[in-house]
Amino acid sequence: MTEPLLAILVGLFFAAAIYLMLSKFSIRIMLGIAILGNAVNLLLFTGGRLTREVPPIIPEGLDSLPAGTANPLPQALILTAIVISFSFLAFLLVLTYRAYQDLGTDDTSDMRAAEPDDRPLPPLGY
């Protein structure tokens, strides 16, 4: 019963993340990336089955996990992904803060105004 509920929650997380990442404000984009990371983690966790009845321990005499056990690999991957997404979020937070300090705005369309208009075009061919 919990897996369909978590699937709906994952869908809501993905929808909220995409909505926030389509914004023109860098703080909202950063929050969308953080929610997207959590949605992916929850998706991996749900894909690894959520059974608590049988622990993921291989019994003596078998070569693999019995049917119906939770897969421990997605849980290990999620722990790694949490650390990576936290460090990426910290980097984005510092980058956004420095951009706001230098440009005085959070709006990405106003950040384009900081680029000079008379800049030459990049080469069109080689």
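This section describes the helices of a predicted model and the contacts between them.

The secondary structure of the protein chain consists of four helices and zero strands. Read from the N terminus, the order of elements is α-α-α-α. The protein chain has 126 residues, of which 18% are buried. When contacts between residues at least 6 apart in sequence are considered, 51% of them link residues at least 24 apart.

Helix α1 covers residues 2–21, and helix α2 covers residues 26–47. The axes of α1 and α2 are 8 Å apart, and the packing angle is about 160°. Angles over 145 degrees count as roughly antiparallel, and α1 and α2 are therefore roughly antiparallel to each other. Their crossing is left-handed. Sorted by class, the residues in the contact of α1 with α2 are 17 nonpolar, three polar and two charged.

The loop between α1 and α2 contains L22. With a relative accessible area of 71%, L22 is exposed. Ten residues separate L22 from G32 in sequence, and the distance between their C-alpha atoms is 8.6 Å. G32 is itself one of the buried residues of α2.

Helix α2 is made up of 22 residues. From its first C-alpha to its last, α2 reaches 31 Å, close to the 32 Å expected at 1.5 Å a residue. The buried residues of α2 are S26, M30, G32, A39, N41, L42 and T46.

Helix α3 runs over residues 72–103 and has 32 residues. The span of α3 from first to last C-alpha is 46 Å, close to the 46 Å expected at 1.5 Å a residue. Within α3, the buried residues are P74, I78, L92 and T96. The cover over the buried residues of α3 includes α2. After α3 comes G104, which has a positive phi, near 75°.

The axes of α2 and α3 approach within 9 Å and cross at roughly 175°. This angle makes α2 roughly antiparallel to α3. On the α2 side, the contact is formed by S26, I27, M30, I33, A34, N41, L44 and F45. On the α3 side, P74, Q75, I78, A81, I82, F88, L89, L92, L93 and T96 take part. By class, the contact of α2 with α3 comprises 14 nonpolar, four polar and no charged residues. Among the α2 residues in this contact are S26, M30 and N41, and S26, M30 and N41 are also buried. On the other helix, P74, I78, L92 and T96 take part in the contact, and these residues are buried in α3.

Two residues of this contact, S26 and T96, were examined individually. T96 is located in helix α3. The relative accessibility of T96 is 12%, and T96 therefore counts as buried, the cut-off for buried being under 20%. Apart from neighbours within four places in sequence, T96 is in contact with S26, I27, M30 and D106. T96 and M30 are 66 residues apart along the chain, and their C-alpha atoms are separated by 8.4 Å.

S26 is part of helix α2. Its relative accessible area is 13%, so S26 is buried. When residues up to four places away in sequence are not counted, S26 touches T96, D106, T108 and M111.

How values were computed:
Residues are numbered from 1 along each chain as its sequence is written. This is a predicted model: local features need pLDDT of at least 70, side-chain atom pairs count only at pLDDT 80 or more; totals for chains, interfaces and linings use all residues. Side-chain values use heavy atoms; hydrogens and water are left out. Axes are lines fitted to C-alpha atoms, for helices over the stretch in contact, and angles run from 0 to 180 degrees between N-to-C directions. Angles under 35 degrees count as roughly parallel, over 145 as roughly antiparallel, 65 to 115 as roughly perpendicular and the rest as oblique. A crossing is left-handed if the near helix is turned anticlockwise from the far one by less than a right angle, and right-handed if clockwise. Ala, Val, Leu, Ile, Met, Phe, Trp, Tyr, Cys and Pro count as nonpolar, Asp, Glu, Lys and Arg as charged, and the others, Gly among them, as polar. Buried means under 20% relative accessible area, exposed over 50%, partly exposed in between (1.4 Å probe, protein chains only). Contact means heavy atoms within 4.5 Å. The expected span of a helix is 1.5 Å times one less than its number of residues.
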